[in-house]
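Let's take a walk through this protein together, starting at one residue and then zooming out. Keep the viewer open as you read.

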Amino acid sequence: MTEAGPEDNPAERKMRFLFQLRSRGVTDPRVLEAMERIDRGLFVRGQFADRAYEDTPLPIPCGQTISQPSVVGLMTQALGIGPRDTVLEIGTGSGYQAAVLSGLCRRVYTVDRHRRLVQEAEAIFRELGLYNITAQVADGSRGLPDQAPFDRILVTAAAEDPPGPLLAQLKIGGIMVVPVGQSDAVQTLIRVTRSESGFDYDELRQVRFVPLVEGLGQT
Ligand code: SAH
């Protein structure tokens with residue numbers, strides 16, 4: 001498949017970007033629309049900027065990565081977000097996933113253990129006028145107890161198991177999507193649905209994410 005190059009004009013680039021998403025299984029029209037509105041190019045800087053429209057993860061500061069667009073789309077789709085939902089994202093990273101979520105729900109809380117990433121993402125949210133996102137420096141493995149419970153939780157870093165505090169902060173009827181497995185291996189994306197009687201788990205696909213690390217980062 002040909003990937004978008006810097007020579008493309010923006011409209012063509014966007015069409016190709018959306019085509020790639022569809023061909024990799026992102027079919028929910030609301031998700032596609034939300035992704036059409038957010039320019040991934042704003043979230044990738046430096047030497048990788050010209051690859052922002054390719055369906056590939058890319059390095060961002062603090063040794064982290066911006067997720068592959070089709071994975072962002074598939075995870076967002078798996079959450080089945082409603083317009084009145086409050087969503088918690090663990091792992092702000094570049095802010096791209098949070099920006100996509102912001103178009104689909106009432107409020108997004110996003111946390112990262114690196115202050116620099118939170119500050120840079122916040123600046124982009126302001127620039128785009130995405131005022132329904134609250135970004136915070138926090139250890140997301142503990143969730144965000146002050147704002148809990150949540151309708152949806154998305155973890156964008158790999159945990160060995162779905163973290164207990166996050167399960168506890170999910171509403172009844174709520175859904176959490178989380179990559180589970182060892183950090184240096186291929187992980188399984190899991191969807192957890194909370195019911196009156198407990199938690200149901202289903203496996204969605206294989207993925208590869210940076211690890212969920214406890215405690216705050218140095219920068
Ligand atoms: N969603 C991001 C990509 C996230 S990469 C995007 O759209 O660009 C994973 C992120 O999880 C990294 O930024 C990393 O710093 C963060 N992270 C890892 N462990 C964490 C923890 N315990 N609490 C909060 N953030 C964490």
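Is Val210 buried, partly exposed or exposed? Val210 counts as partly exposed, because its relative accessibility is 22%; here buried means under 20% relative accessible area, exposed over 50%, and partly exposed in between, with a 1.4 Å probe and protein chains only. Before going further, a word on ground rules: this is a predicted model, where local features need pLDDT of at least 70, side-chain atom pairs count only at pLDDT 80 or more, and totals for chains, interfaces and linings use all residues. Residues are numbered from 1 along each chain as its sequence is written, and side-chain values use heavy atoms, with hydrogens and water left out.

Back to Val210, which you'll find in the segment after strand E9 (198-207). Helices (H or I, at least four residues) and strands (E, at least two) are DSSP runs, numbered from the N terminus. Setting aside neighbours within four places in sequence, Val210 is in contact (heavy atoms within 4.5 Å) with Gln64, Thr65, Ala157 and Ala158.

Now zoom out. The protein has six helices and nine strands. Its radius of gyration is 16 Å, close to the 17 Å that the globule rule gives for 219 residues, so the protein is as compact as a globular protein of that length. That radius is taken over C-alpha atoms, and the rule is 2.2 Å times the number of residues to the power 0.38. Along its principal axes, the C-alpha trace spans about 55 × 35 × 35 Å. Buried residues make up 50% of the 219. Among contacts between residues at least 6 apart in sequence, 53% join residues at least 24 apart.

What holds the middle of the picture? Start with the largest nonpolar core, which has 47 residues. A nonpolar core is a set of buried Ala, Val, Leu, Ile, Met, Phe, Trp, Tyr and Cys residues joined through side-chain atoms within 4.5 Å. Phe43, Tyr96, Phe125 and Val177 have the most contacts inside this core. Elements that each supply at least two of its residues include helix H1 (10-23), helix H5 (115-128) and strand E7 (170-180). Helix H3 gives the most, with six residues. Pick out Phe125 and, not counting residues up to four places away, you'll see it touching Phe43, Gly95, Ala98, Ala99, Thr110, Leu130, Ile133 and Ala135. There is also a second, separate core of 17 residues, with Leu144, Phe150, Val155 and Met176 among them.

A few loop residues deserve a stop too. Thr56 sits in the loop between H2 and E1, yet it counts as buried because its relative accessibility is 18%. Beyond its neighbours within four places in sequence, Thr56 is in contact with Arg40, Arg51, Ser67, Gln68 and Pro69.

Most residues other than glycine have a negative phi, and most peptide bonds are trans. Cys62, in the loop between E1 and strand E2 (64-66), has a positive phi, near 65°. With a relative accessible area of 22%, Cys62 is partly exposed. As for the peptide bond from Ala148 to Pro149, it is cis, with omega near 0°; Pro149 lies in the loop between E5 and strand E6 (150-155).
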